[in-house]
Amino acid sequence: MNNSKQSNPAENKRLAEITRKRYNRIAPVYNLMEWFVERATFKPWRKLLWSRVENGSVLEIGVGTGKNIPFYPSGATMTAVDLSNGMMSFAKRKAEDLSKPVDFHQMDVQTLTFPDNSFDTALATFVFCSVPLPVTGLEELNRVVKPGGDIWLLEHVRVNKPMIGFLMDIMNPIIVRIMGANINRQTVQNVETAGLKVLEVENLKGDLVRLIHATPN
Ligand SMILES: C[S@@+](CC[C@H](N)C(=O)[O-])C[C@H]1O[C@@H](n2cnc3c(N)ncnc32)[C@H](O)[C@@H]1O
């Protein structure tokens with residue numbers, strides 16, 4: 001299920017490169033692919049998530065094409081990273097159009113170059129389904145977020161029903177190739193494995209889409 005941690009740097013780099021190329025390829029059609037689902041469901045969830053985010057220094061992981069940018073709090077100092085320059089080029093344009101100051105970096109969440117305790121808050125929406133080694137990425141959040149800070153994750157995860165979960169496992173390799181996202185990640189468990197403290201998990205669509213609130217440990 002690709003939830004495990006790996007400590008072979010060369011292999012980690014190879015997996016990140018596959019993901020980067022995949023998202024560079026998807027970038028021009030990403031917004032179109034998600035147009036309907038974005039309007040119908042994702043947007044209200046984004047709104048809910050950002051209503052919880054406080055001002056301060058905020059890091060967005062996997063900014064993608066910038067769908068969260070309209071929700072960035074005006075009092076926050078925003079930093080955004082993504083593995084894919086192709087995706088992030090759309091985000092940069094959006095930030096410019098909306099006159100939102102954002103410090104963009106092409107960076108892998110598995111190997112963030114920020115010093116320890118750099119941010120008050122880190123968040124990601126629909127990202128840890130595609131990070132090659134999610135536990136490693138989550139450990140990085142544990143490191144760069146200040147003690148007592150907030151980590152917010154909006155993620156679709158493997159459903160906790162034997163038959164549906166099994167089908168998700170079977171279909172996963174095809175979906176990853178087309179969409180870049182794993183549909184069978186167990187992100188709440190990954191957050192715990194990474195050593196973060198889970199404060200709350202809200203089910204937004206059964207147990208398929210979850211809003212996870214965690215803090216460094
Ligand atoms: C499904 S898209 C979601 C984009 C955006 N967060 C949204 O809500 O629309 C996943 C994004 O995560 C990025 N990503 C995947 N693995 C990453 C990694 N290891 N480090 C940083 N970004 C990554 C991809 O390049 C892509 O832009």
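**Core packing and aromatic pairs**

Beyond its neighbours within four places in sequence, Ile61 is in contact (heavy atoms within 4.5 Å) with Val81, Val109, Leu112, Leu123, Ala124, Val127 and Leu141. The model is predicted: local features need pLDDT of at least 70 and side-chain atom pairs pLDDT 80 or more, while totals for chains, interfaces and linings use all residues. Residues are numbered from 1 along each chain as its sequence is written, and side-chain values use heavy atoms, without hydrogens and water.

**Nonpolar cores**

- A nonpolar core is a set of buried (under 20% relative accessible area, 1.4 Å probe, protein chains only) Ala, Val, Leu, Ile, Met, Phe, Trp, Tyr and Cys residues joined through side-chain atoms within 4.5 Å.
- The largest has 26 residues, of which Leu59, Ile61, Leu112, Phe128, Leu141 and Leu153 touch the most other members.
- Its largest share, 4 residues, comes from α4.
- A second, separate core of 24 residues includes Phe42, Trp45, Trp50 and Leu211.

**Aromatic rings**

- The whole structure holds 4 aromatic pairs, counted when ring centres of Phe, Tyr or Trp (its six-membered ring) lie within 6.5 Å.
- Trp50 and Tyr72 have ring centres 5.2 Å apart and planes at 50°, so this pair is tilted; planes under 30 degrees apart count as stacked and over 60 as edge-to-face.
- Trp50 lies in helix α2 (residues 35–52) and Tyr72 in the loop between β1 (56–61) and β2, 22 residues apart; helices (H or I, at least four residues) and strands (E, at least two) are DSSP runs, numbered from the N terminus.
- Both Trp50 and Tyr72 are buried.
- One aromatic cluster is formed by Phe42, Trp45 and Phe126.

Definitions and conventions: Buried means under 20% relative accessible area, exposed over 50%, partly exposed in between (1.4 Å probe, protein chains only).
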